[in-house]
Amino acid sequence: MAKPIRCPQARLVLAAGLVLGSGLAAPALAINWEGHDEWFHDAAPFKSLTDLVAPLPPKRLPPCEERRKAAAANPYEQIALPGVNCTDPPEN
């Protein structure tokens with residue numbers, strides 16, 4: 001059986017170690033689930049900066065025929081889904 005610690009300095013070091021160790025074992029609340037800090041996006045100075053930046057225009061989708069050719073040549077290529085990843089020419 002272990003002997004009890006009688007030295008007060010040793011008890012203080014042990015107590016400090018337990019407090020610090022339990023603090024390190026807690027989850028990091030400053031990091032989001034992707035592993036990034038979120039302070040940048042929530043900070044007031046950067047919010048006013050991002051409000052001034054214009055949004056990106058939507059990406060133009062390639063023609064569906066081009067997607068079909070790519071999918072035929074490569075089995076790992078996405079299949080053509082009109083309106084999702086390609087556009088069909090308008091029918092007149």
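**Notebook: the disulfide and its surroundings**

I noted a torsion of about 80 degrees about the S-S bond of cysteine 64 and cysteine 86, so the disulfide is right-handed. A search of the whole structure gives 1 disulfide.

**Basis of the entries**

I record that this is a predicted model, in which local features need pLDDT of at least 70 and side-chain atom pairs count only at pLDDT 80 or more, while totals for chains, interfaces and linings use all residues. Residues are numbered from 1 along each chain as its sequence is written, and side-chain values use heavy atoms, with hydrogens and water left out.

**Chain overview**

I counted 4 helices and 0 strands in the chain; helices (H or I, at least four residues) and strands (E, at least two) are DSSP runs, numbered from the N terminus. Of the 92 residues, 7% count as buried, where buried means under 20% relative accessible area, exposed over 50%, and partly exposed in between (1.4 Å probe, protein chains only). Among contacts (heavy atoms within 4.5 Å) between residues at least 6 apart in sequence, 18% join residues at least 24 apart.

**Burial of the cysteines**

**Salt bridges**

I found 3 salt bridges in the whole structure, the term requiring a side-chain nitrogen of Lys or Arg within 4 Å of a carboxyl oxygen of Asp or Glu. Glutamate 77 pairs with arginine 67, the closest N and O atoms being 3.1 Å apart. That pair links distant parts of the chain, with glutamate 77 in the segment after H4 and arginine 67 in helix H4, 10 residues apart. Arginine 67 is buried at 19% relative accessible area, whereas glutamate 77 is partly exposed at 28%.

I then examined arginine 68, which forms a salt bridge with aspartate 88, the closest N and O atoms being 3.9 Å apart. Arginine 68 lies in helix H4 and aspartate 88 in the segment after H4, so the pair ties together parts that are 20 residues apart in sequence. Arginine 68 also forms a salt bridge with glutamate 65, again with the closest N and O atoms 3.9 Å apart. Glutamate 65 and arginine 68 are separated by about one helical turn, because they are 3 residues apart in helix H4. I therefore record Glu65, Arg68 and Asp88 as linked in a network of salt bridges.

**Asparagine 85**

Is asparagine 85 buried or exposed? I find asparagine 85 buried, at 8% relative accessibility. Its residue position is in the segment after helix H4 (64-73). A polar atom of the asparagine 85 side chain lies 2.8 Å from the backbone nitrogen of leucine 81. Not counting residues up to four places away in sequence, asparagine 85 touches Leu61, Pro62, Arg67, Gln78, Ile79 and Ala80. With the corresponding exclusion, the contacts of arginine 67 include Asn85 and Cys86.

**Leucine 81**

I note that leucine 81 is partly exposed, at 39% relative accessibility.

Note on methods: A polar contact is a pair of N or O atoms within 3.5 Å; within protein, one must be able to donate a hydrogen and the other to accept it, and residues adjacent in sequence count only if both atoms are side-chain atoms. A disulfide is a pair of cysteine sulfur atoms within 2.5 Å.
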